[in-house]
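I opened this entry to look at how two parts of one chain meet. My notes follow.

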Amino acid sequence: MTEFGFIDHIRRRFADLPDQGFEGIGDDCAVLPLGGEALVFTSDLLTEGVHFLRHATSARELGGKSLAVNLSDVAAMGARPVATLLSIALPPDASGVWAEEFMEGYRELSARFGTPLVGGDTTRSESGVTINVTAIGRSPLTHLKRRRDARPDDVIFVAGELGASGAGLRDLLAGHPDTPPARIHRNPLPQVDEGIWLGGRPEVHAMMDLSDGLASDLRHILDESDCGAEVELERIPVAAGADLRTAACGGEDYKLLFTAAPTATRQLEEEFLARFGTPLHRIGRITERAGLTWLQAGSPVQLDWQGFTHY
Ligand code: ADP
Ligand code: MG
């Protein structure tokens, strides 16, 4: 069974249980509305040998990255992260200095975004480090952005350049751990302030973060919103060191992907640039017709591009 097949199976098997007020599986976070506000919850697992190689990243960087990927999912809802829980399984060769440095990296990013570590679990591992972080966020209910809210004619934006992380992974695996893209791959910075700000903009409709690559993640918005999209290849912002295919298919960029009403996008772009010092990138539009169409010089091109799936 694929990852998404398994998630679908879970969704179906648990559909008849009481929801206790929660919005169900399928978005970047689970949502619990409480009056005019909502709490959001997300959890990500990082396993040695699958998500990271201990010799290719420092403990400190891994501590930051474990937190960053979860804060990114909170930001993807337009919510403010407020706290995290950390569960970690440590083998004997990672229990001393390695664990302390890991926590330093985790603390550094926690301090930057003001998120206390409020609980978790610590255990021994027979082999390999396993890390699970849960992040909790809160938001006015009306600010939440879900994957299901894209509408035909919406403009599709990404809030940063793409492909640096994928190019960095390629460098790491080729034995070049210190190139600029490799450093970006090891030190992703979640767009927390950007997500909260976009949450407050009613013209922003659907939003998510890019963890598996544009080619794969955009399909989640299309499936959940029951629509299609046209993406102009020339408009995909390719990060330094990356190529177009890596920008479209590489994972772990953790930039925000969102759709916005076609009226007033100019103002959104101007205000975003003034506030964050980096531009929004308009890459295409939502269509009523289903499916993801890549356009080159305005004409459809056949590409078998898939996102990269990190389990
Ligand atoms: P993301 O990339 O934003 O972390 P995923 O693609 O990992 O999201 O997950 C898609 C959806 O499936 C999310 O809503 C997530 O909470 C849910 N999900 C994934 N694995 C499980 C699981 N084992 N049990 C319940 N829900 C899950
Ligand atoms: Mg996500």
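I started with a term: a salt bridge is a side-chain nitrogen of Lys or Arg within 4 Å of a carboxyl oxygen of Asp or Glu. By that rule I found five salt bridges across the interface of domain 1 and domain 2. I looked up one pair, E224 and R11, whose side chains meet in a salt bridge at 3.7 Å, N to O.

I noted the ground rules. This is a predicted model, where local features need pLDDT of at least 70, side-chain atom pairs count only at pLDDT 80 or more, and totals for chains, interfaces and linings use all residues. Residues are numbered from 1 along each chain as its sequence is written, and side-chain values use heavy atoms, with hydrogens and water left out.

Next I checked the domains. The protein chain splits into domain 1 (3-143) and domain 2 (147-301), with bounds from an automatic or database domain assignment. Their centres, taken over C-alpha atoms, lie 22 Å apart. I counted the contact (heavy atoms within 4.5 Å): domain 1 gives 27 residues and domain 2 gives 25 residues.

Then I looked up buried area, the accessible area (1.4 Å probe) that two parts lose on being put together, summed over both. Domain 1 and domain 2 bury about 2200 Å² between them. Carbon and sulfur atoms hold 54% of it. On the domain 1 side, E61, K65 and F113 lose the most area to domain 2. Together they make up 22% of what that side buries.

How values were computed:
Chains are lettered from A and ligands numbered from 1 in the order in which they are written.
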